[in-house]
Amino acid sequence: MDAYLLAADATDPDLVEGFYVIGSAALGDFRPGSSDIDFVAVTTVPADQQVAALTRIHADLTHHPPLDGIYTTWLDLARPPGQASPGPHAHGRRLHPRCDHQRHPVTWHSLARHGAAIRGPKPVECDIAANPEELAHWTRGNLAGPSTATPSPDEPRRWRSWTWSSPTPPQPTGTS
């Protein structure tokens, strides 16, 4: 991460206003050699030159573990994730300039509840629209598969009937 932030600062000291580690590295489940580093970076609205700069920065990264995360704005974090603007997503050495990938309630919730601030204010000091009901609804829809927004209770998978019969959504370790 140091090489990444040094490269970002050398390009434009204001490019990355906030940098937060989420996922396994923030939850104490990081596995050297197999885990990547999930992140949320806060920047200004990515203008063409910023996207070009971010593309070069990620292409030049040679370290492991790879970075996997999104670039967003403070304004978008304050909105429900479904209302966030599409923006850059980095995976390894590639930057996808405009996508919705990772802009969902799990990312917002992970950042708000478990994010580790490398740069910027602590997540508890930020306005992050992490709504538990929206997270539960999105998670159930995600379990149904990408083609349906709402899972079918008739789905034959055992885990699905367990989830639907539960009065509250399951709480995996580290998410409460």
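Okay, a definition to start: buried means under 20% relative accessible area, exposed means over 50%, and partly exposed is in between, with a 1.4 Å probe and protein chains only. By that rule Arg-79, at a relative accessible area of 26%, is partly exposed.

Some housekeeping. This is a predicted model, so local features need pLDDT of at least 70 and side-chain atom pairs count only at pLDDT 80 or more, while totals for chains, interfaces and linings use all residues. Residues are numbered from 1 along each chain as its sequence is written, and side-chain values use heavy atoms, leaving out hydrogens and water.

On confidence: pLDDT is the predictor's confidence in each residue, from 0 to 100. The protein averages 83, and 81% of the residues score at least 70. Watch residues 147-152, where pLDDT stays under 50.

Now, salt bridges. That's a side-chain nitrogen of Lys or Arg within 4 Å of a carboxyl oxygen of Asp or Glu, and the count comes to three. Arg-79 pairs with Asp-76, closest N and O atoms 2.7 Å apart, and Asp-76 is buried at 5%. Then Asp-29 bridges to Arg-31, with 2.7 Å between the closest N and O atoms; Asp-29 is partly exposed at 39%, and so is Arg-31 at 45%.

The remaining bridge is Asp-9 with Arg-119, again 2.7 Å between the closest N and O atoms. That pair links distant parts of the chain, 110 residues apart: Asp-9 sits in helix α1 (residues 2-11) and Arg-119 in strand β6 (residues 116-119). Helices (H or I, at least four residues) and strands (E, at least two) are DSSP runs, numbered from the N terminus.

What Asp-68 does have is polar contacts, side chain to side chain: 2.9 Å to His-89 and 3.4 Å to His-91. A polar contact is a pair of N or O atoms within 3.5 Å; within protein, one must be able to donate a hydrogen and the other to accept it, and residues adjacent in sequence count only if both atoms are side-chain atoms.

Last stop, Ser-35, in the loop between α2 (24-27) and β2 (37-42). Ser-35 is buried at 12%, and its side chain reaches the backbone nitrogen of Arg-31 at 2.8 Å.

Methods. Contact means heavy atoms within 4.5 Å.
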